[in-house]
Every structure is written in C-alpha cells, then in structure tokens.
Amino acid sequence: MLLALVSCRPIQFPLPATDRGNVTSPLISDTSQWQALADHAAATAGPDGQPSAGLSLRELFATDAGRADAFTYAIADLTVDLSKHPVSPDTLSLLVGLASAAGVEAKRDAMFGGERINTTEDREVLHTALRLPAGATLEVDGEDVVGPVHEVLDKMSGFADRVRSGEWVGHTGQRIRHVVNIGIGGSDLGPLMAYRSLTPYVHPDITAHFVSNVDPAQLLDTLADLDPAETLFIVASKTFTTIETISNAKSARAWLLATLGDEAAVARHFVALSTNAEGVAAFGIDTDNMFEFWDWVGGRYSMDGAIGLSLMVAVGPDNFRAMLDGFHQVDTHFRSQPLAENVPVLMALIGVWHRNFLNRPTLAVLPYCQHLDRFPAYLQQLDMESNGKRVVLDGTPVSYETGPIVWGEPGTNGQHAFYQLIHQGTTVVPADFIGFLEAAEDVGGQHDLLMANMFAQAEALAFGKSAAEVEADGATGALISHRTFPGERPSTTILADKLTPSVVGQLVALYEHKVFVQGAIWGINSFDQWGVELGKVLAKAIGNELTSPEASELTHDSSTNALINRYRAYHGR
C-alpha cells in the first residue's frame with residue numbers, strides 16, 4: 001500500500017536557475033547539461049546531420065550482441081524495448097543528467113505530494129490520487145483526498161451494478177441497453193478509448209456510445225437506431241455549462257421527450273458528471289445521480305474517476321478497479337525508481353533527444369491491435385494539449401522546441417497508408433509500436449500474421465535495405481535507388497501478454513508520466529490549456545453575429561467578415 005502524508009508548501013525546486021519575478025524557472029537550454037547533449041549530437045552526426053558516428057543503429061547492433069537485453073525494461077506487465085533508438089550508454093547518461101538538472105525528481109515528488117504545480121491556475125495536479133488504493137492517505141491543505149475519491153468510486157460502482165443487473169430501469173420499466181456518454185475532450189476521448197480497448201469485457205446486453213461533436217450529425221447518427229425507453233445518457237460537464245456538451249444534452253433530452261412525453265422521464269434516463277447541482281437539477285436530473293470530480297484533475301487525466309462512469313457501466317466495477325490498479329502499478333514505479341531505471345523517464349528522455357537534438361518533430365503511435373484504434377487520438381490530446389506550450393512557468397518564451405506532433409493509426413492499416421513516408425520519406429519519424437502476445441480474439445492464426453508485421457516493420461525501419469542488397473536481388477540502374485531503404489528510423493516496441501483492464505491503465509499511466517517528464521524538462525506547465533480558450537470565446541461572439549436577425553457592423557478581419565456575411569446571406573439574414 002502506498003501511503004503519502006504531506007502538507008502543501010510553495011514549490012522550491014533545486015534548479016540551477018536565474019530568478020525572474022516570483023517564479024524560479026530557468027530555460028533548460030542554458031544549462032551545461034543541455035550543451036553537453038548538443039555537443040554529443042554534433043560529434044555523432046553524419047554528413048546529413050543524422051546520427052552516424054557511433055550511433056548508427058546498424059553499428060550499435062553490430063558491435064553489441066547484448067544491446068536488446070541492455071535496452072529492454074520491465075514495468076508492471078509491460079516490456080519496453082528502447083534498443084532501436086540512436087542512443088548509447090553515454091547518450092543515456094547525458095540525458096539522465098539533463099533530467100537531474102531540470103529537477104525532474106523534485107517536480108515528480110511535488111506532483112505526488114499535492115503541491116500546486118499547475119501554477120497558472122493555482123491548482124494541485126492529483127490524477128494519481130484517483131487510483132490510490134483504499135486505505136492510503138494523501139492530505140492536501142489538511143484534508144485527506146483519498147477517502148472522497150473512494151466514496152465516488154463506490155457510488156459509481158453501486159449505480160453501475162444496478163444498470164448492469166437490470167435493477168435500474170427506464171421510465172417505462174424497460175432495462176437500459178444503451179448508454180450514451182455526452183462530453184468533449186477528456187470527458188469523451190478517455191472513456192471512449194478505454195471502452196473500445198476493452199471490447200471483450202463489455203456486458204453483452206449493454207452498448208456504450210460516445211457523442212462529443214457539436215455537429216448534430218454525430219448525435220443524430222448515434223440516436224438513429226436507439227430506443228429512448230432503453231437509453232441512458234451520461235452528461236459529463238464539471239460546470240454543466242460546456243457549450244458543446246450542453247447543446248448535445250438538450251437535443252438528447254428533446255429526443256427522449258418526443259417519444260416518452262413525460263418530463264419525469266428525464267430523471268430515469270439522464271445522470272450527470274458535474275459539480276453544478278443547481279444546473280443539473282434545472283435540467284431535470286436527480287442530484288442523487290450526480291457524480292463528483294475535482295478541479296485538481298484535468299479533463300485529459302480524468303478517465304479513471306467519475307468521467308469513466310460510462311466505461312464502468314460497460315465493463316463492470318471489478319474490471320474498472322483492475323484498470324485503476326494498473327494505473328497505480330505504473331505510478332509506483334515512476335515514483336520510486338531512480339531516473340536511470342525509470343521507464344517513463346527513459347521514454348521521455350529519448351523523446352527529448354529526438355525533438356531537441358535530432359530535429360525530429362513528430363511521434364507516430366502504431367498499435368497492432370484494433371481495439372486500441374482510438375489510443376493514438378487519446379495520446380494526441382494527452383501530449384499536445386499538455387506540452388503544446390511556448391513559454392516557461394514565469395512567462396519567458398522558450399528557445400527550443402517543446403511538444404511533438406503525435407499521430408498514428410493501428411497496424412496493419414497504416415502500412416498501406418503512411419508507412420511509405422516513414423520508410424523512405426525525407427522526414428525521420430520516431431514511432432512507438434504496441435502489441436500483445438495473445439489476441440483478444442483470433443481467427444485462423446491471424447494474430448501471428450499481425451505480430452509478424454509489427455516485428456517486421458520495426459526491423460525494416462531500423463535497418464532498411466542497402467543499395468548493395470537491392471542490387472544483389474537483381475535490381476539495376478535507377479531502380480536500385482527506388483528500392484533502397486535507408487533505415488536508421490527509430491522506434492520503441494511495447495509488449496504485454498494481453499490487453500486487459502490492468503494493461504490499459506498501465507499504458508495510459510506510462511504515457512501520462514512520460515509527458516509529465518518532458519514538460520518538467522522543458523520548464524513548461526503541462527496542466528493548463530489556455531490555447532483551447534481563445535477560439536471558444538470568439539465563437540460565442542461570432543455565433544451571435546451569424547444568428548442575429550438584424551445586420552450589424554462586423555469588426556473582424558476582412559476574411560472573417562466576408563465569411564460571416566456569406567453565411568448570413570445564405571440563410572437570408
């Protein structure tokens with residue numbers, strides 16, 4: 001059992017820094033450790049600027065028969081192979097030194113301890129508290145937060161059991177067969193990704209659906225084949241004012257009442273994930289069926305709390321808690337292991353090596369598992385919303401690149417789409433391959449074929465095919481160049497026995513902590529998302545201008561004014 005008893009205090013990281021204002025937040029690029037890595041990259045670069053002298057993958061493997069074992073790590077049920085990256089023991093040592101210079105350990109301990117490391121919003125960052133075991137203690141401002149977390153989990157479990165057993169029925173007495181989660185961002189992507197990942201664990205009589213886009217097509221397409229009498233809506237909005245979510249919720253309410261008629265039906269077919277009891281009650285939802293979450297958990301980190309109610313209803317409380325245990329196993333590793341043996345730290349550092357010293361701006365996430373088809377999209381939000389920042393904590397602009405562009409699709413589909421570019425294109429794309437030794441379902445040995453493809457792709461990216469090898473195969477002339485694969489394309493391979501609820505939690509926590517470490521090194525706040533706000537504010541103003549029955553003077557730029565006027569003219573306004 002992990003016990004944490006702390007009190008909050010101002011953050012004071014032991015960093016080599018210049019004090020600017022009230023916050024000590026250096027540019028990591030000013031440190032000697034950063035310069036040492038820059039020198040190392042220059043010393044090992046070939047004519048094209050990419051790693052060559054001593055860091056060529058072909059050379060690294062040819063000169064070290066034990067490389068795969070030395071660069072493969074275990075964390076909970078995951079095996080993580082980092083050997084196909086252009087890093088030597090010296091490279092890793094320099095990278096670990098960079099993490100130490102950035103105060104990663106102190107920042108990690110501050111996060112787990114409940115300090116207000118989300119400085120721009122003056123909030124704690126305690127998603128890890130959502131998966132602490134019952135009986136653990138974490139005090140923040142003199143109050144334990146673990147007890148209330150488990151009270152919500154127990155309330156969720158009771159509700160989920162009633163829906164799954166058929167005890168909870170709709171307004172007409174019919175059991176619930178469809179659960180529609182209405183949210184957006186972290187209130188949608190997290191539970192959606194986990195639900196699809198855990199398809200084999202879903203209750204046979206319950207189907208979950210997820211609606212997030214304010215485009216009514218998604219809601220209407222979802223509801224087209226559903227029976228209102230058998231449908232339960234879960235509305236996820238902390239303030240109960242999120243425009244996209246509440247717009248969809250109001251439309252869903254109208255759809256329900258168009259068939260069931262009675263306003264009392266709302267209380268049997270809607271529950272809320274919120275803290276706005278007044279708004280929830282005004283909508284017609286019984287506040288006894290309102291499930292709480294806290295502002296010290298950001299949306300993209302919230303699937304393992306109340307935001308995961310749709311998932312818990314689908315897979316059951318036991319499987320949901322197994323997922324939480326998977327999260328916690330990785331949390332414990334991340335919190336306790338030294339930097340040089342800490343898997344999320346090592347993954348983060350290799351990402352920094354690619355992003356900042358080898359000029360590789362993207363990361364492809366390639367799960368060889370159809371049930372993980374939404375995992376790349378989930379990681380897009382986790383990484384790009386967290387680390388898509390341009391200033392450090394005190395507002396000083398960074399002088400280096402921060403978060404990568406994250407993208408990807410499941411194998412083998414991607415092989416017939418974008419793999420051409422990552423094999424022979426001009427941009428080197430680091431990739432994460434994720435696969436499983438056992439299939440959730442298998443037909444005719446196709447899982448063997450799937451995994452053969454995954455292992456082959458990682459090998460082909462790393463080692464390619466030389467012009468001499470192509471010529472030996474019989475190619476001549478210009479065809480030799482066309483059929484040559486340069487190789488030296490780096491990848492991580494993550495393996496587990498099987499995609500279980502625990503492994504889903506482990507995978508998510510692994511990437512959560514990787515993203516945290518990179519943000520800590522870059523000196524940015526990984527836990528706010530001000531970039532989401534500006535477009536939303538402007539949309540409200542433009543929305544009024546689009547729908548106003550009277551022409552008004554527009555004060556936008558000429559392009560935006562013209563677009564608004566064209567829209568208004570089309571609708572006769």
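The model is predicted: local features need pLDDT of at least 70, side-chain atom pairs count only at pLDDT 80 or more, and totals for chains, interfaces and linings use all residues. Residues are numbered from 1 along each chain as its sequence is written, and side-chain values use heavy atoms, with hydrogens and water left out.

Helices (H or I, at least four residues) and strands (E, at least two) are DSSP runs, numbered from the N terminus.

### Exercise 1

Step 1. Start with the pair. Strand β12 (residues 431–436) and strand β13 (residues 491–496) run parallel, joined by six bridges. Two strands pair if DSSP finds at least two bridges between them.

### Exercise 2

Decide whether strand β10 is buried or exposed, face by face.

Step 1. Buried means under 20% relative accessible area, exposed over 50%, partly exposed in between (1.4 Å probe, protein chains only).

Step 2. Recall the pattern. In a regular strand, side chains alternate between the two faces of the sheet.

Step 3. Check each side. Thr-362, Ala-364 and Leu-366 lie on one side of β10, Leu-363, Val-365 and Pro-367 on the other, and all are buried.

Step 4. Conclude. Six of the six residues of β10 (residues 362–367) are buried, so the strand is largely enclosed by the rest of the structure.

Step 5. β10 pairs with β11 in the parallel sense over three bridges. Thr-362 has Ile-405 as its bridge partner in β11.

### Exercise 3

Describe how helix α14 packs against helix α20.

Step 1. Two packed helices are described by the angle between their axes and the distance between the axes.

Step 2. Apply them. The axes of α14 (residues 343–357) and α20 (residues 501–522) come within 8 Å and cross at roughly 50°. Axes are lines fitted to C-alpha atoms, for helices over the stretch in contact, and angles run from 0 to 180 degrees between N-to-C directions.

Step 3. Classify. Angles under 35 degrees count as roughly parallel, over 145 as roughly antiparallel, 65 to 115 as roughly perpendicular and the rest as oblique. α14 and α20 are therefore oblique to each other.

### Exercise 4

Work out the surroundings of strand β5 in the other sheet.

Step 1. Write the order. It is β6-β5-β7-β8-β9, an open sheet of five strands with parallel pairing. β6 and β9 (290–291) stand at the edges with a single partner strand each, so one side of each is left without a neighbour in the sheet.

Step 2. Take both partners. Five bridges join β5 to β6 (residues 207–211), and five join β5 to β7 (residues 231–236). Val-179 has Ala-208 of β6 as its bridge partner, while Val-180 stands opposite Phe-233 in β7.
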